[in-house]
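Me: I would like a close look at one part of this model, the surroundings of the ligand.

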Amino acid sequence: METVDERPASAASAVEIRRWGCFVGGDWVDADSNFSVESPCDGSRFADAADSDRQLAARAVDAAHAAAPDWGARPHHERAKLLLRVADQLEARRADVVDALIREGGSWFGKAMFETGYVADLFRAAAAAVYLPEGEVLPSSYGKLSLAVRRPLGVVTVISPWNFPLLLSSRGVAFALAAGNTVILKPSEETPVTGGLLLAELFAASDAPAGVFNVVTCSRDGVAEVGDELVANPKVGGVSFTGSTPVGRRIASKAGELLKPCCVELGGKDALIVLDDADLDRAVEAAAFGAFMHQGQICMAAERILVHESVADEFTQKFVAKTKTLKTGDPSADKGHVIGPIINARQVAKIKAQIEQALAEGATLEVGGDVDGLYLTPTILSGVTSGMNVFRQETFGPVAPITRIASDDEAVALANDCDYGLSSGVISRSESRALAIAHRLETGMCHVNCSPVNDEPHAPFGGVKGSGFGRHGGRWSIDAFSQTRWITLDRGDRRYPF
Ligand code: NAD
């Protein structure tokens with residue numbers, strides 16, 4: 001492998017670079033071949049990235065493993081300072097990172113601004129988490145000094161998806177480093193630059209010690225082999241995976257077989273429940289944001305809108321009116337294009353099939369449904385019933401299926417009749433009624449009088465059922481990326497029986 005000496009000197013060139021190596025042991029390293037990344041905005045070539053193989057993945061593991069003892073032993077303030085420098089670097093280069101998020105992933109300008117701002121906060125929250133207590137002092141029947149202490153896992157592999165590439169890579173990386181681990185990040189093949197390679201630049205510019213943070217990219221063809229190495233390599237101590245449920249199951253099975261700790265954040269089919277006493281304007285705002293932000297390509301998207309029958313007509317009419325104000329088009333050409341492209345043609349075909357099947361089975365198209373290449377106008381379907389694919393399968397597109405409910409019990413039963421359990425939302429003027437429903441929903445998260453789409457760097461984020469297990473955010477991330485050890489010191493009070 002040769003070192004690629006095309007590292008951009010500035011962020012402006014970062015988004016224009018044509019060919020990227022992997023970031024291994026503090027160096028940029030080429031692979032034997034590359035793969036192309038196309039912009040979903042207009043089909044133009046955005047970048048070429050290294051198509052790594054198992055050997056290069058193993059080399060990254062070796063680099064992270066060599067760096068782990070020193071990084072894990074660094075004083076906590078040194079770890080915090082690195083994370084704070086990365087946050088500062090990101091803010092200094094924000095405009096270019098925003099541009100890359102738009103062009104590589106099809107983000108709307110507002111989504112890219114949110115994502116970059118959030119990630120700077122996230123690195124700072126991770127720096128703060130470095131100062132959390134490192135354990136507890138336990139009582140001892142024998143008068144011992146008895147300690148429960150947390151220790152790093154060593155080397156952590158982070159595998160991330162394309163929809164919020166910078167955010168979902170960063171939440172694994174930042175907290176794993178805060179807990180004293182070294183990291184290998186494998187971003188999605190759809191977004192290798194914003195999901196990983198730009199982060200590598202930020203770490204390099206922040207004087208990260210060599211090997212503490214590594215990025216390995218590969219094409220979809222090579223991902224089974226590279227992914228297997230990054231999970232199964234004996235030097236890897238833990239895995240953080242965010243992505244689809246089928247792939248997450250495979251990763252968790254492999255990690256389980258090898259008895260490695262694993263945190264898997266997977267797909268969703270989240271319900272937004274609108275009760276008969278809801279403020280309907282608030283409900284419409286929550287539904288539009290929840291269903292259509294980033295074209296519905298969010299794990300927490302509102303993919304089932306359960307509306308009480310007494311307000312369903314009025315809600316639908318207001319929701320349609322709001323949806324007609326959302327402009328669809330190339331987000332790299334116009335900041336006003338709130339609805340950008342779907343990530344690829346495979347996804348468009350899947351979304352179209354769900355809409356067509358629902359219409360054939362009796363649903364009504366209230367608005368949208370127009371497809372032009374990768375662009376799909378925001379779509380509302382009413383009369384959706386629980387047998388339809390659009391009600392059961394993850395859509396990951398700008399489709400809001402409305403189903404009528406007659407009671408709180410029916411809302412809970414329908415919402416829980418789901419393979420997934422990520423997030424949920426309940427809209428009601430009665431806080432106690434909405435909270436009672438929130439406690440009954442089988443989801444990892446629930447937001448009252450808000451859309452299911454919520455995230456804050458210090459709060460416990462994660463799902464149940466087919467949405468995975470483990471939690472990201474604040475001290476829950478630190479738990480996920482640590483092991484607890486019991487250490488005692490006997491002071492002569494222990495008496496042995498013989
Ligand atoms: P995906 O599962 O196809 O890919 C996710 C990552 O896994 C990518 O980096 C991919 O290259 C990698 N991968 C694929 N096959 C692999 C293998 N055999 N071994 C190792 N790695 C492999 O998911 P996607 O299409 O990138 O993302 C969309 C999915 O992610 C949706 O289902 C969405 O709900 C889910 N998601 C979940 C969360 C969450 O926090 N729960 C957040 C965002 C997205």
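How far is a polar side-chain atom of R220 from an oxygen atom of the ligand?

Reply: The model is predicted, so local features need pLDDT of at least 70 and side-chain atom pairs pLDDT 80 or more, while totals for chains, interfaces and linings use all residues. Residues are numbered from 1 along each chain, and side-chain values use heavy atoms, without hydrogens or water.

The distance for R220 is 3.0 Å, which counts as a polar contact (a pair of N or O atoms within 3.5 Å). S244 also places a polar side-chain atom 2.6 Å from a ligand oxygen, and for a side-chain N or O atom of E394 the distance is 2.5 Å. The protein buries 93% of the 840 Å² that the ligand exposes when taken alone (Shrake-Rupley method, 1.4 Å probe).

Around the ligand there are 30 residues (a heavy atom within 4 Å); S160, E189, S244, L266 and E394 are the closest. This shell holds 15 nonpolar, nine polar and six charged residues. At least two shell residues come from each of α6 (165-178), α8 (223-232), β11 (238-242) and α9 (245-257) (DSSP runs: helices of at least four residues, strands of at least two). The largest share, three residues, belongs to α8.

Finally, domain 1 (2-266 + 467-485) and domain 2 (270-448) both contribute to the shell, so the ligand lies between them. The domain bounds come from an automatic or database assignment.

Definitions and conventions:
Polar contact = N/O pair within 3.5 Å; in protein donor to acceptor, adjacent residues only side chain to side chain. Nonpolar A, V, L, I, M, F, W, Y, C, P; charged D, E, K, R; others polar.
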